[in-house]
Amino acid sequence: MAEKDIITMTQKELKRLHIIKQVLEKKLKQIEAAKILDLSSRQIRRIVKRIREEGEKGIIHRLRGQPSHRRLPRQIRNKVIALYRKKYQGFGPTLASEKLLEIDKIKISDETLRLWLIKKGEWQKQRRHKKHRSWRQRKHYFGEMVQMDGSHHNWFEGRGEKCVLIGYIDDATSIRFARFYAYEGTMPAFDSLKRYIKRHGIPKSLYLDKHTTYKSTAKPTIEDELNNRKHLSQFERAAQELGIEIIHANSPQAKGRVERSFKTYQDRLIKEMRLRGISTIEKANKFLKEFLPKHNKRFSIKPIEEGNLHRPLPEGIDLDAILCIKTEHPVRGDFTIVHNKKLYQILDKTIARKVTVQERVNGKMYIVYKGRRLRYKAIAARPPKEKPEPKPRKIYRPPMEHPWKRSLYGRRLAKEKALLQSKKDREELALVEV
């Protein structure tokens with residue numbers, strides 16, 4: 001039995017075949033078929049002729065199964081795969097296509113590269129299952145709310161020291177700012193906020209997590225309770241002085257925009273630094289000045305409303321005097337204070353009972369009273385106190401008749417009487433013998 005040919009057609013081709021059969025059976029005119037299929041009458045005549053000669057398979061396009069005339073040569077495909085294995089291993093198709101154009105001057109679409117990599121086993125299809133969460137609309141204005149967080153990651157892939165990336169992203173525009181630090185703490189947070197303010201201005205609000213750097217876990221003092229306020233961390237106190245509203249997120253998903261930006265950094269930024277051999281925080285921060293403008297140009301969007309809610313820093317305000325660690329200390333009678341278990345002598349005359357110690361980001365320390373800096377010097381060791389010579393101690397010895405010694409006195413008298421009696425007895429005995 002002869003095998004029949006199997007013809008595979010698309011829905012579009014089946015629809016055309018049905019209409020053309022109506023034309024062949026004289027049930028439709030060619031002009032009417034052209035209007036139904038949105039084709040010219042000339043195309044209808046050609047299709048009718050092909051089906052009469054070839055049968056139903058004449059409806060299938062002649063280029064089906066044929067290689068595209070726009071396909072890239074095999075030599076380029078082999079070169080791209082070799083470059084990927086040598087230089088861009090682990091890069092996503094989108095980032096790899098960008099680097100191939102930027103560094104190797106090979107223009108190729110990310111989808112074409114994706115198909116090539118999947119075919120060669122260098123990439124796999126990724127399916128992401130996301131939890132359902134309620135959607136929050138972006139803020140309307142640039143600077144209305146800025147999300148801030150720190151990301152601990154192996155940024156140098158073992159080539160250098162461990163570090164953290166403190167990142168900012170505007171909620172309305174997705175404009176980013178970031179900087180590397182050795183750790184996530186109060187001083188790095190102050191330094192990064194200072195740099196952000198100098199670049200964009202003072203934002204209306206900051207959206208943060210509940211890291212101890214940003215939210216205090218200490219119990220309120222008696223003074224705080226009397227004033228009906230919570231104990232503030234140093235960062236919250238500085239933000240309050242600058243008029244920045246602090247919003248604490250209850251989950252990482254609540255500030256998902258900055259969390260997703262870290263995923264982008266961990267994919268793109270790490271590989272960019274790998275290509276340049278960057279292995280130190282100093283070089284990484286220098287590279288960020290080049291990386292962020294390009295990144296923002298590609299991924300930022302226009303805000304819903306035109307306007308900028310970033311406030312310029314008012315004149316006459318010392319930003320360093322706000323973004324610092326402030327600690328109050330009482331002044332002793334000898335005009336000294338104790339700070340971090342060290343003793344400092346205040347050199348200026350002052351009537352202050354309490355002074356404020358400022359620890360700046362640049363490592364300097366100031367003692368301030370009512371906005372005025374006081375001169376001071378560190379005391380290496382406290383001089384020993386002069387001890388007065390001890391007075392001779394007069395020992396009180398109570399007499400034998402004292403109540404403390406009555407029992408002892410009684411025993412002593414009884415003993416003495418017994419001795420006297422025994423002595424008399426011996427003397428009388430001696431006389432009798434004589």
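Predicted model: local features only at pLDDT ≥ 70, side-chain atom pairs only at ≥ 80, totals over all residues.
Trainee: What radius of gyration does the chain have, against that of a compact globule of 434 residues?
Mentor: Start with the box. The C-alpha atoms fill roughly 180 × 75 × 45 Å along the principal axes. A compact globule of 434 residues would have a radius of gyration near 22 Å. The chain has 45 Å.

Trainee: What percentage of the residues count as buried?
Mentor: Take the surface alongside. The chain exposes about 30,900 Å², with carbon and sulfur atoms supplying 52% of it. Buried here means under 20% relative accessible area. Of the 434 residues, the share that passes is 36%.

Trainee: How far apart do the centres of the positive and negative side chains lie?
Mentor: Count each set. There are 102 positive and 52 negative side chains. Their centres are separated by 5 Å.

Trainee: Why is strand β8 largely enclosed by the rest of the structure?
Mentor: Strand β8 covers residues 342-346. A residue is buried when its relative accessible area is under 20%. Strand β8 is largely enclosed because the buried share of its five residues is four.

Trainee: Which strands pair with β8?
Mentor: Strand β7, residues 336-339, runs antiparallel to β8 and is joined to it by four bridges. Strand β12, residues 376-379, also pairs with β8 in the antiparallel sense, over four bridges.

Trainee: Which residue takes a positive phi in the hairpin of β7 and β8?
Mentor: Look at the pairing first. H339 stands opposite K342 in β8. Two residues lie between the strands. The one with a positive phi, near 55°, is N340.

Trainee: Which residue in β12 is the bridge partner of L343?
Mentor: L343 has its bridge partner in β12. That partner is I379.

Trainee: Is E236 buried or exposed?
Mentor: E236 is found in helix α9, residues 234-242. Its relative accessible area is 11%. The cut-off for burial is under 20%. So E236 is buried.

Trainee: Which residues is E236 in contact with, leaving aside neighbours within four places in sequence?
Mentor: A352 lies 116 residues from E236 along the chain, with 26 Å between the C-alpha atoms. Contact needs heavy atoms within 4.5 Å. The contacts of E236 are Y214, K215, S216, H231 and H248.

Notes. Residues numbered from 1 in each chain as written. Heavy atoms only, no water. Rg over C-alpha atoms; globule rule 2.2 N^0.38 Å. Buried < 20%, exposed > 50% of the residue type's maximum accessible area, 1.4 Å probe, protein only. Areas by Shrake-Rupley, 256 points an atom, 1.4 Å probe, with all protein chains shown as cover. Lys, Arg positive; Asp, Glu negative; His and termini not counted. Charge placed at Lys NZ, Arg CZ, Asp CG, Glu CD. Pairing = 2+ DSSP bridges.
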